[in-house]
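Here are a few notes from my pass through this one. Have the viewer open while you read.

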Amino acid sequence: MKQQVIIVGAGASGLAAAIQAARQGASVTVLEHTARPGKKLLSTGNGKCNLTNLITPDGAYRGSQPEFIKKVLDRITVEQTLEFFRDLGLVLSDRNGYVYPNTGQAASVLEALLFELDHLGVSIVTDCQVEEIRKDLSLMTSMGKKKADAIILAAGSMAAPKTGSDGSGYQLARALGHRILKPLPALVQLRCREKWYKQAAGVRTEATVTLKIDGKTAKADLGELQFTDYGISGIPVFQVSRFAARELDAGRNVTAELDLFPSMDFESTRQLLSERVKRFGYRPAEEFLNGVLNHKLARILLKEAGIPNEGIVKNITAAQIKKLASVLKGLKTEILAANSFDQAQVCSGGIDTRDVDPNTMESKLIKGLYLTGEILDVDGICGGYNLQWAWSCGILAGIYAGRKRPESTGRNEENEENNDKN
């Protein structure tokens with residue numbers, strides 16, 4: 001009799017797990033509560049699907065148990081993941097370390113996964129809501145009771161609920177005794193207090209965003225900053241947003257400093273501004289930063305520095321120049337909130353990874369239950385890292401859930417087997 005594996009969730013991690021479980025010889029069924037599999041995958045990378053990244057900087061992955069994350073990623077590496085997709089027929093494109101399908105279409109990735117699942121005889125049941133998972137590995141669903149030898153819970157998080165991420169997996173795991181660290185939005189825009197944001201809406205500029213918690217520097221990131229009518233967006237904001245959301249939820253004061261001239265230090269910036277006073281003294285004061293920054297943003301900065309629009313540039317004082325340099329290098333803003341799960345790409349928080357075996361992805365509480373993907377307390381920065389996490393833990397869970405023998409083998413044997421399978 002084949003090992004009977006049921007996977008809850010047809011997202012990136014669930015589909016990868018299904019392939020690997022079937023390759024182990026198991027009979028695999030995937031239950032998806034929406035009308036189609038892989039809906040969120042189609043939207044990743046603005047529809048281009050940044051599959052993974054060849055470069056992993058410090059801090060690329062976040063979670064309460066960093067060693068857990070490292071162990072999983074060491075078991076199923078980026079190179080093994082690339083081989084997994086090449087084996088599915090995808091030609092991959094390396095764009096400065098960012099890996100995409102050569103087609104430039106996320107649909108190609110989903111199709112490759114689905115073709116392989118069909119080839120392996122995996123059944124995907126859509127519009128099926130899992131209402132309860134029991135300790136005997138039976139499931140109560142909207143289509144009746146089902147029984148499995150192993151269950152992989154890959155139900156996703158609460159981010160981007162329009163794609164099917166409704167947080168239902170958290171309740172299923174909690175009912176089985178798993179602890180849940182409060183899920184909060186990550187890779188998301190931040191809402192700010194200042195009134196001038198409506199004037200700056202639509203402006204994009206290179207900047208360093210430095211997040212401060214109770215006045216102390218926490219995280220910083222450089223990239224294209226986008227001003228909205230309510231606050232700040234763009235990649236550098238997304239990269240620090242999970243920390244802002246968690247600290248705000250803990251009741252701490254969260255602010256940011258925006259370095260809008262990151263190519264120069266403070267003194268060089270002050271000197272540049274002083275030279276402009278000498279060269280363009282005849283200009284109206286309101287045009288002092290013409291050619292330096294977007295005019296909408298320039299007007300805000302001049303006001304913050306106490307430089308009136310009336311008058312001419314030659315009347316700007318040395319003290320005002322110093323103040324303007326300070327504003328350019330560290331425009332202060334108070335963070336009120338992160339945007340909702342509707343706008344978030346992923347979540348921080350989730351199932352406590354202390355209750356999951358990083359060697360197999362099996363629950364330490366329920367034998368035969370495996371937990372994988374975004375439902376866990378792991379999130380990554382922008383750049384393909386969240387998908388790499390989905391592939392790594394999904395592949396690992398599939399390998400072990402698909403086996404008839406329940407116990408883990410040694411590390412060396414496992415690595416050899418992974419290389420063969422990938």
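This is a predicted model: local features need pLDDT of at least 70, side-chain atom pairs count only at pLDDT 80 or more; totals for chains, interfaces and linings use all residues.

1. Let's start with aspartate 259, which sits in strand β17, a run covering residues 254–259. Is aspartate 259 buried or exposed? Its relative accessible area is 13%, and the cut-off for buried is under 20%, so aspartate 259 counts as buried.

2. Which side chain does aspartate 259 pair with in a polar contact? That would be lysine 329, at 2.8 Å. Beyond four places in sequence, the contacts of aspartate 259 are Glu206, Ala207, Thr208, Leu328, Lys329 and Gly330.

3. Lysine 329 takes us to helix α11, which spans residues 318–329. The length checks out: with 12 residues at 1.5 Å a residue you'd expect 16 Å, and the end C-alpha atoms are 17 Å apart, which agrees.

4. As for what is tucked away in α11, the buried residues are Gln320, Ile321, Leu324, Ala325, Val327, Leu328 and Lys329. The cover over them includes β17, along with α9 (266–279), α10 (295–304) and β18 (331–338).

5. Now over to leucine 42, in helix α2 (residues 39–43). With a relative accessible area of 24%, leucine 42 is partly exposed. Setting aside residues up to four places away in sequence, leucine 42 touches Arg36, Gly47, Ala106, Ala107 and Leu110.

6. One more distance for leucine 42: its C-alpha atom is 8.4 Å from that of valine 109, although the two are 67 residues apart along the chain.

Methods: Residues are numbered from 1 along each chain as its sequence is written. Side-chain values use heavy atoms; hydrogens and water are left out. Helices (H or I, at least four residues) and strands (E, at least two) are DSSP runs, numbered from the N terminus. Buried means under 20% relative accessible area, exposed over 50%, partly exposed in between (1.4 Å probe, protein chains only). A polar contact is a pair of N or O atoms within 3.5 Å; within protein, one must be able to donate a hydrogen and the other to accept it, and residues adjacent in sequence count only if both atoms are side-chain atoms. Contact means heavy atoms within 4.5 Å. The expected span of a helix is 1.5 Å times one less than its number of residues.
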